[in-house]
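Subject: Structure handover

Dear colleague,

Here is the structure we talked about handing over. My notes on what was found follow below it.

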Amino acid sequence: MTTTRIDRAEHSLTGSKTERDFPWNVVLHNDWENSMPRVVVILKRVIPGMTLKKATKIMWEAHSSGKAIVKSCHKELAELYEELLLAEGLTVSVEPGG
């Protein structure tokens with residue numbers, strides 16, 4: 001009986017970290033185009049698991065301070081949420097989390 005040795009290639013990353021290693025923030029910016037109730041409804045509809053209480057808190061923070069973090073996640077998902085919220089008429093951006 002013979003045995004076959006399988007050599008496994010070692011994987012290495014180039015650079016110190018990849019984009020997926022840290023979270024990205026979906027940021028809601030205050031605007032004067034959308035009513036407060038409309039913003040809450042859109043956040044609840046677009047962001048999975050968003051509660052009425054959390055959506056209201058995010059809306060109020062954006063209204064009072066100019067911006068609020070909606071979600072912190074990996075970059076591709078943050079960009080998807082940004083696209084969906086922009087399509088609903090909200091003013092949002094994606095920023096590296098810290």
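Helices here are DSSP runs of type H or I with at least four residues, numbered from the N terminus. By that rule Ile-42 is found in helix H1, which covers residues 36–46. Please keep in mind that this is a predicted model.

Ile-42 has a relative accessible area of 2%; the cut-off for buried is under 20%, so Ile-42 counts as buried. Leaving aside neighbours within four places in sequence, Ile-42 is in contact with Leu-85, Glu-88 and Leu-90. Ile-42 and Leu-85 are 43 residues apart in sequence, yet their C-alpha atoms are 7.5 Å apart in space.

Leu-85 has a list of its own. With neighbours within four places in sequence again set aside, Leu-85 is in contact with Val-26, Ile-42, Leu-43, Val-46, Ile-47, Leu-90 and Val-92.

The largest nonpolar core has 23 residues, and Leu-28, Leu-43, Val-70, Leu-85 and Leu-90 touch the most other members. At least two residues of this core come from each of strand S1 (24–29), H1, helix H2 (52–65), strand S2 (67–73), H3 and strand S3 (92–96). H1 gives the largest share, 5 residues.

Glu-82 lies in helix H3, residues 75–87. Glu-82 is buried but has no salt bridge. The nearest side chain of opposite charge is that of Lys-75, 9.2 Å away. Apart from neighbours within four places in sequence, Glu-82 is in contact with Val-92, Ser-93 and Val-94.

Regards

Notes. Residues are numbered from 1 along each chain as its sequence is written. This is a predicted model: local features need pLDDT of at least 70, side-chain atom pairs count only at pLDDT 80 or more; totals for chains, interfaces and linings use all residues. Side-chain values use heavy atoms; hydrogens and water are left out. Buried means under 20% relative accessible area, exposed over 50%, partly exposed in between (1.4 Å probe, protein chains only). Lys and Arg count as positive and Asp and Glu as negative; His and the chain ends are not counted. A salt bridge is a side-chain nitrogen of Lys or Arg within 4 Å of a carboxyl oxygen of Asp or Glu. Contact means heavy atoms within 4.5 Å. A nonpolar core is a set of buried Ala, Val, Leu, Ile, Met, Phe, Trp, Tyr and Cys residues joined through side-chain atoms within 4.5 Å.
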